[in-house]
Amino acid sequence: MKYSSSLLESSSLFSRNSEEKTDVKEKVPQQVAFVSVGSGSSGNCYYFSSPQGSLLIDVGVPIRMVEHALQSVGKSLCQIDAILVTHGHSDHTRNVARLSVLYDLPVIATQEVFLLLDSLKTRFKIFPKNRIVIKEEDSLVRGGFKIESFAVPHDCPETVGYTLTFENFRLALLTDVGHYLPQHYSIARSCNHLILESNFDREMLINGGYPYPLKQRIASDLGHTGNYEAALFLSQVYHSKMQRVWLCHLSKDNNTPDCCYKTFQDVLEQRGIPLESLLSILPRFKATPLYLFNLRQNELAIDSENRSAEVAV
């Protein structure tokens with residue numbers, strides 16, 4: 001099956017000469033930019049920038065991977081204003097402390113996340129001046145974005161999701177969600193972009209080779225979100241001003257992009273919701289192209305210089 005690059009976007013981290021890059025702000029000053037560096041149980045990391053600064057959410061991937069991904073779009077880790085952390089599992093935190101120390105970056109996280117990071121046997125400890133402790137439901141401003149945290153049910157203490165707002169751009173990140181809470185619906189309906197976990201296909205999980213206790217954990221109310229549950233959630237929060245939904249954290253063993261897309265197609269088309277330019281699946285091991293949201297025109301586009309080709313699945 002083939003579908004367009006809007007569904008599964010990927011790009012080489014090494015394909016462009018950094019000397020040829022220009023700063024995004026110089027090209028289109030009034031815009032918000034987004035790059036997924038990696039998404040899945042092997043590591044998660046997301047980059048966002050506004051005309052006033054930039055953020056990372058989670059650093060579960062190698063630092064070199066983040067460096068190359070940002071270089072490929074003309075950015076640098078030295079420009080980051082803060083690292084946000086969703087929760088303490090290693091696929092989200094593996095290199096948070098190290099990156100914070102090496103680049104002197106503030107970290108925004110709950111107290112439980114800082115306690116977990118401090119307990120790790122590593123020489124990299126986040127400096128006290130770079131610790132910004134938030135609650136499960138909190139609000140602050142960094143990198144030009146209004147950041148709001150909200151509680152997420154998961155088998156890790158004080159797991160949170162985030163909304164990022166800059167002018168007419170508003171995005172919610174819902175990942176590692178055991179089950180949806182009532183406030184998640186109102187939060188998603190208030191956004192024009194979503195990053196939504198779609199971790200597993202239930203039949204693949206049931207019939208797969210994972211030990212039964214692990215299967216129970218993944219499918220539990222404190223585990224992850226399945227394709228059908230995520231598709232049903234989207235069908236209930238979708239509105240006409242929603243521009244893009246990125247599906248994240250797909251399991252390598254219990255899901256495929258094709259299976260994931262087919263489930264969303266079945267659920268959304270029954271409700272008359274268009275898929276053509278709505279859904280994108282974030283790759284596990286590669287950075288996406290640079291997504292650009294034009295604040296004046298209220299439009300989302302992909303950087304034409306860094307757009308991946310059609311992908312066969």
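## Packing of H9 and H10

In helix H9, Asn227, Tyr228, Ala230, Ala231, Leu232, Leu234 and Ser235 are in contact with Cys259, Cys260, Thr263, Phe264, Val267 and Leu268 of helix H10, contact being heavy atoms within 4.5 Å. The residues of this contact comprise 10 nonpolar, three polar and no charged. Here Ala, Val, Leu, Ile, Met, Phe, Trp, Tyr, Cys and Pro count as nonpolar, Asp, Glu, Lys and Arg as charged, and the others, Gly among them, as polar.

The model is predicted: local features need pLDDT of at least 70 and side-chain atom pairs pLDDT 80 or more, while totals for chains, interfaces and linings use all residues. Residues are numbered from 1 along each chain as its sequence is written, and side-chain values use heavy atoms, without hydrogens and water.

H9 (residues 227-237) and H10 (residues 257-270) pack at about 40°, their axes 9 Å apart. H9 is therefore oblique to H10, a class that excludes angles under 35 degrees (roughly parallel), over 145 (roughly antiparallel) and 65 to 115 (roughly perpendicular). Axes are lines fitted to C-alpha atoms, for helices over the stretch in contact, and angles run from 0 to 180 degrees between N-to-C directions. Helices (H or I, at least four residues) and strands (E, at least two) are DSSP runs numbered from the N terminus.

Strand E6 (residues 107-110) pairs in the parallel sense with E5 (residues 82-84) over two bridges and with E7 (residues 131-134) over four bridges. Val107 of E6 stands opposite Ile83, and its bridge partner in E7 is Arg131. Val107 and Ala109 point one way from E6, Ile108 and Thr110 the other way, and all are buried (under 20% relative accessible area; exposed is over 50%, partly exposed in between; 1.4 Å probe, protein chains only).

## Phe293 in strand E15

E2 (residues 31-38) and E15 pair in the antiparallel sense over four bridges, and Gln31 has Asn294 of E15 as its bridge partner. Phe293 lies in E15 (residues 291-294) and is buried, with a relative accessible area of 1%.

Beyond its neighbours within four places in sequence, Phe293 is in contact with residues including Gln31, Asn168, Phe169, His193 and Leu300. Phe293 and Asn168 are 125 residues apart in sequence, with a C-alpha to C-alpha separation of 9.7 Å.

Notes: Pairing = 2+ DSSP bridges.
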